[in-house]
Amino acid sequence: MFAFPKPLDAKEEESLFLEFRAGNKQARDLLIEHNLRLVAHIVKKYAQPERDNEDLISIGTVGLIKAVDTFDESKGIRLGTYAARCIENELLMFFRAGKKTAKEIYLYDPIGTDKEGNAISLLEIMEAEEEDYAERLERKEKLSVLPKFLMNRLEDREREIIALRYGLYGGREFTQREIAERMAISRSYVSRIEKKALRKLREEYEKDGSRVVLQ
């Protein structure tokens, strides 16, 4: 098993960044190498039986490299905190690009109405135990367009928050407070973004629902 270099302490990290900013490419390489353990740790959360973890580690390393290249020490956070966010973002973008659909997707907010005018949520659509052919078809149609709505209607930050909040792409569900800490923003700001994103999705279903075509 490959042994990852041990993480840097704050002083070592600061020193290497000073060298990196001065043009020392080796310092940049060391910053990357000593944070590879973080990549492996995060990849474990996204591991899939049908996918080689080495592929995910490669994708996560791309996120780590971006983190090292764009890290701003003046923000007052450690590289590891910022890098974790960049690594996860890279993995999520990879899954989105591959048009991965979640095995467990649910949204509690209403996305439309049933034949009697009652509000229905995506969760209710997915969990229906007894449904006729027409109802199954409608459910499949609604799920088929969700990835398109997420990609085309939401901004990057909105997609990221919805993915984390509702456990999309096989991940676990995060609380608003956890998301706020990960993204270094306030919980109330996360709440506002989440509500705005859900409203956009609801509008898309209301606008497009009667014209859904299975792919």
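Student: How are α8 and α9 oriented to each other: roughly parallel, roughly antiparallel, roughly perpendicular or oblique?

Tutor: As a general idea, two packed helices are described by the angle between their axes and the distance between the axes. In this predicted model, helix α8 (residues 156-165) packs with helix α9 (residues 176-183) at an angle of about 135°, and their axes are 10 Å apart. Angles over 145 degrees would count as roughly antiparallel, and α8 and α9 are therefore oblique to each other. The crossing in which α8 passes α9 is right-handed.

Student: Which residues of α8 and α9 make the contact?

Tutor: From α8 come Arg157, Glu160, Ile161, Leu164 and Arg165, while α9 contributes Gln176, Ile179, Arg182 and Met183. Sorted by class, this contact of α8 with α9 has four nonpolar and four charged residues, together with one polar residue.

Student: With which side chain does the side chain of Arg28 make a polar contact?

Tutor: Arg28 lies in helix α2 (residues 25-33), and its side chain makes a polar contact with the side chain of Asp69 at 2.7 Å. Beyond neighbours within four places in sequence, Arg28 is in contact with Phe20, Ile65 and Val68 as well as with Asp69.

Student: Where does the pLDDT fall below 50?

Tutor: The mean pLDDT of the protein is 76, with 69% of its residues at 70 or more. Residues 99-108 have pLDDT below 50, although the model gives this stretch 25 contacts beyond near neighbours in sequence. Over residues 125-134 the pLDDT likewise stays under 50, and the model has 12 contacts for them beyond four places in sequence.

Note on methods:
Residues are numbered from 1 along each chain as its sequence is written. This is a predicted model: local features need pLDDT of at least 70, side-chain atom pairs count only at pLDDT 80 or more; totals for chains, interfaces and linings use all residues. Side-chain values use heavy atoms; hydrogens and water are left out. pLDDT is the predictor's confidence in each residue, from 0 to 100. Contact means heavy atoms within 4.5 Å. Helices (H or I, at least four residues) and strands (E, at least two) are DSSP runs, numbered from the N terminus. A polar contact is a pair of N or O atoms within 3.5 Å; within protein, one must be able to donate a hydrogen and the other to accept it, and residues adjacent in sequence count only if both atoms are side-chain atoms. Axes are lines fitted to C-alpha atoms, for helices over the stretch in contact, and angles run from 0 to 180 degrees between N-to-C directions. Angles under 35 degrees count as roughly parallel, over 145 as roughly antiparallel, 65 to 115 as roughly perpendicular and the rest as oblique. A crossing is left-handed if the near helix is turned anticlockwise from the far one by less than a right angle, and right-handed if clockwise. Ala, Val, Leu, Ile, Met, Phe, Trp, Tyr, Cys and Pro count as nonpolar, Asp, Glu, Lys and Arg as charged, and the others, Gly among them, as polar.
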